[in-house]
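Me: I have a model open here and would like to talk it through piece by piece. Could you take me around it?

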Amino acid sequence: MPKIITDQNLRLLIDTLVGEGKRVIGPKAAGTLTLYEPLASAEELSLGELPRRSAKETFFPLCENILTYEKSSSGTTVHDIDPARFPETVLIGARPCDVAAAPVLDAIFSWDFKDEFFLERRRKTTIIGLACTTADDACFCTAVGLSPADTRGSDLFLTPLAGGSYRCDVISDKGEALLAAHAGLFAETDTAEPVSLAEPQLGPLDLDRIKAWLDTHFEDPLWEEIAARCAGCGACAFLCPACHCFDISDEGSEKQGARRKHWDACGFGKFTYHASGHNPREVQPHRYRNRIMHKFKYYHDKFGQRLCTGCGRCIRACPVGIDIAQIIDDINRK
Amino acid sequence: MTNTAHTIDTALYDAVTDALRAEAKKVLESGTAAAVIGWQAGRRRGSAVPAIVTDPADAEKLIFSPSCVNNLALYLTKAKKEVREKGKLAVVAKGCDMKALAGLMGENQLKRDDVYIIGVACAGVYGPAIRGNAPLDDGTLARKCRECAAELPEGADVSLGTVPRRPAFTPHEAAELARLEAMTPAERWAFWKEHFSRCIRCYACRQVCPFCYCEQCLCDRNRPQAVETTPRPAGNMAWHMVRAMHLAGRCAGCAECERACPMDIPLNLLNRKMAKELKELYGHEAGFQAKEKGPLAEYREDDNQSFIK
Ligand code: SF4
Ligand code: SF4
Ligand code: SF4
Ligand code: SF4
Ligand code: SF4
């Protein structure tokens with residue numbers, strides 16, 4: 001039986017969690033844009049706009065130290081980062097297209113190498129998803145098998161109701177535990193009237209058919225047609241909830257410094273640049289092909305999932321108007 | 001606020017579109033160029049995206065509208081070798097884009113004879129995130145266009161359209177620059193520090209800039225590392241200083257860097273500050289003429305040295 005929580009109680013929940021010392025992450029206004037950021041109090045929660053960057057940073061920060069070192073007269077000391085010290089976190093008000101990317105990322109970060117930095121943050125995070133009531137013409141979750149009310153990856157899921165309250169569905173044990181710990185803030189309901197949800201324009205695409213085409217078209221004039229105009233920046237990958245490539249850099253002086261893990265992107269010309277001087281993806285069409293292949297073929301071959309949740313961020317951000325929804329729609333029609 | 005007194009008449013764009021299609025068809029059919037780089041409609045309502053047209057039949061796809069924001073000079077640089085390999089290129093240029101082409105010629109990146117320039121009269125383009133058929137007015141016009149005096153490119157092989165009279169817009173960029181200059185150095189430092197703290201080092205600003213054609217960017221070097229590559233305060237500040245200094249006197253003012261920035265960092269404000277300094281110190285300004293050398297690429301005995309303290 002779903003529960004109901006009023007907007008006031010939702011805010012009380014945030015303040016309570018912050019009071020308990022938890023890291024609460026939610027959409028927050030940051031100048032001209034909205035970002036998922038730690039909330040100091042419920043007042044900072046800003047649910048109107050889609051955050052510019054995705055929620056993946058909750059588990060996979062833009063940049064983090066993986067070790068630090070310092071040198072003194074007695075020698076060099078290396079300090080490991082202890083994932084056990086990562087804080088308990090509640091991600092609140094995350095869009096379904098952001099949340100659905102979490103299980104996608106789980107697969108890659110727990111594959112041959114267990115990335116404790118990612119996995120420990122993931123273990124310690126409870127996700128409260130929120131259904132979308134607006135969509136623009138870049139949104140296409142419906143084309144990739146999701147929807148503005150998809151609960152995939154959420155622990156609790158909120159659906160806005162007429163009158164300003166939310167229906168709250170329990171999706172996982174983690175969600176159940178969070179709800180149980182704050183049961184007083186929720187009420188029983190069976191008559192909740194949801195507000196109308198968003199309706200992205202692009203209907204379901206045949207993803208198997210798209211994959212079948214990709215299986216046999218590594219070489220195709222399409223790549224040149226679309227991608228010759230790609231500027232080769234990292235905007236699409238950096239804003240994407242499912243992109244997960246990173247680089248590791250050592251920075252500092254001979255006295256002290258850090259080894260850092262930070263986002264990387266297949267659009268960059270140096271992404272596959274070998275030490276030998278050879279670059280197997282010499283031109284932008286080869287790099288963009290990798291982006292599409294990775295999202296709709298390679299990742300599916302390996303993990304049975306797609307690396308795109310249809311959030312449309314790459315479409316909105318691309319400075320040269322490359323539109324991934326258009327591309328997969330075109331392939332679907334081939 | 002929509003103010004009818006400040007609405008631009010957009011009939012110009014339809015006339016230019018017709019002329020552009022005819023011109024592109026002619027250019028491709030006659031073999032004047034192997035490809036025409038212009039804009040075509042995107043999937044999203046009212047959007048326009050860069051187009052590389054090689055078949056005369058596809059000339060019909062080309063458009064010119066207030067959504068045609070991209071500076072297509074980007075595709076003539078050596079950073080886009082897959083485009084250059086198509087043969088002689090024709091490119092559509094607004095006034096601000098023409099300055100970038102002139103700059104590239106001055107820097108020997110482009111020979112005048114190797115490119116066919118189709119200049120288009122421009123009354124302004126939309127600011128970020130505005131698409132569709134919104135009127136072009138105070139609220140929707142890109143900031144750079146409010147103060148533009150380059151509505152008709154000079155030096156093109158052909159110029160399409162005549163500029164209608166534009167209403168006088170209150171300048172935004174000049175006002176912002178004045179606000180920046182009124183700050184104390186400490187305030188200014190804080191202002192930029194705050195903005196650069198949002199930078200995620202996606203390099204969209206670099207990748208859309210026609211002048212960022214270096215095959216080896218200092219900021220990508222890791223052996224040895226010159227500038228920290230991670231998106232943290234030190235590296236971000238260094239990256240933006242390198243960018244500002246390197247573009248000083250070269251920047252065409254197309255504001256593509258600012259438009260491309262997903263973090264809404266006001267990069268063109270910095271560009272314009274640098275341009276102003278260069279003008280005051282060396283009397284140098286980016287324009288329609290290809291100049292052999294920019295002030296930061298040559299030394300003269302009588303150079304202004306007042307900034308060396
Ligand atoms: S590929 Fe684009 S639309 Fe798909 S999840 Fe990533 S940013 Fe969103
Ligand atoms: S597709 Fe667009 S956002 Fe992505 S690398 Fe190319 S130009 Fe940048
Ligand atoms: S700056 Fe001038 S030429 Fe450039 S887009 Fe704006 S109005 Fe057109
Ligand atoms: S620095 Fe920015 S405004 Fe100047 S030419 Fe490059 S992209 Fe255009
Ligand atoms: S586009 Fe913006 S966020 Fe990206 S590197 Fe440039 S300034 Fe930083």
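This is a predicted model: local features need pLDDT of at least 70, side-chain atom pairs count only at pLDDT 80 or more; totals for chains, interfaces and linings use all residues.

Me: OK, ligands next. What surrounds ligand 1?

Reply: Ligand 1 is surrounded by 13 residues, of which the closest are A:Cys240, A:Cys308, A:Cys311, A:Gly312 and A:Cys314. Helices α9 (284-303) and α10 (313-317) of chain A each supply at least two residues of that shell, and by class the shell around ligand 1 divides into seven nonpolar, three polar and three charged residues.

Me: Which residues are around ligand 3?

Reply: The shell around ligand 3 is drawn from chain B, and consists of B:Lys94, B:Gly95, B:Cys96, B:Cys122, B:Gly124, B:Val125, B:Lys144, B:Cys145, B:Cys148, B:Ala150 and B:Arg166. Six of these residues are nonpolar, two are polar and three are charged, while α3 (95-106) and α4 (143-146) of chain B each contribute at least two residues to the shell.

Me: Then ligand 4, what are its closest residues?

Reply: Of the 13 residues that surround ligand 4, the closest are B:Cys209, B:Cys251, B:Cys254, B:Ala255 and B:Cys257. The shell around ligand 4 comprises eight nonpolar, three polar and two charged residues, with at least two residues supplied by each of α8, α9 and α10 of chain B.

Me: Let me look at α8 of chain B, then. How many residues does it have, and how far does it reach?

Reply: Helix α8 (residues 233-247) of chain B has 15 residues and reaches 21 Å from its first C-alpha to its last, which is close to the 21 Å expected at 1.5 Å a residue. After α8(B) comes B:Gly249, whose phi is positive, near 85 degrees.

Me: Which of its residues are buried, and what do they pack against?

Reply: The buried residues of α8(B) are B:Gly235, B:Asn236, B:Met237, B:Trp239, B:His240, B:Arg243, B:Ala244 and B:Leu247. Their packing partners in chain B are α6 (185-196), α7 (204-208), α9 (256-260) and α10 (267-282). As background to that pattern, an α-helix has 3.6 residues a turn, so residues three or four places apart point the same way.

Me: Back to B:Ala255, what about its phi?

Reply: B:Ala255 has a positive phi of about 65 degrees although it is not a glycine. B:Ala255 lies in the loop between α8 and α9 of chain B, and at 13% relative accessibility it counts as buried.

Me: And B:Arg201, is that one buried or exposed?

Reply: B:Arg201 is buried, with a relative accessible area of 3%. Its place is in the loop between α6 and α7 of chain B, and B:Arg201 has a positive phi of about 55 degrees, although it is not a glycine.

Notes:
Residues are numbered from 1 along each chain as its sequence is written. Chains are lettered from A and ligands numbered from 1 in the order in which they are written. Side-chain values use heavy atoms; hydrogens and water are left out. A residue is near a molecule or strand if one of its heavy atoms lies within 4 Å of it. Helices (H or I, at least four residues) and strands (E, at least two) are DSSP runs, numbered from the N terminus. Ala, Val, Leu, Ile, Met, Phe, Trp, Tyr, Cys and Pro count as nonpolar, Asp, Glu, Lys and Arg as charged, and the others, Gly among them, as polar. The expected span of a helix is 1.5 Å times one less than its number of residues. Buried means under 20% relative accessible area, exposed over 50%, partly exposed in between (1.4 Å probe, protein chains only). Contact means heavy atoms within 4.5 Å.
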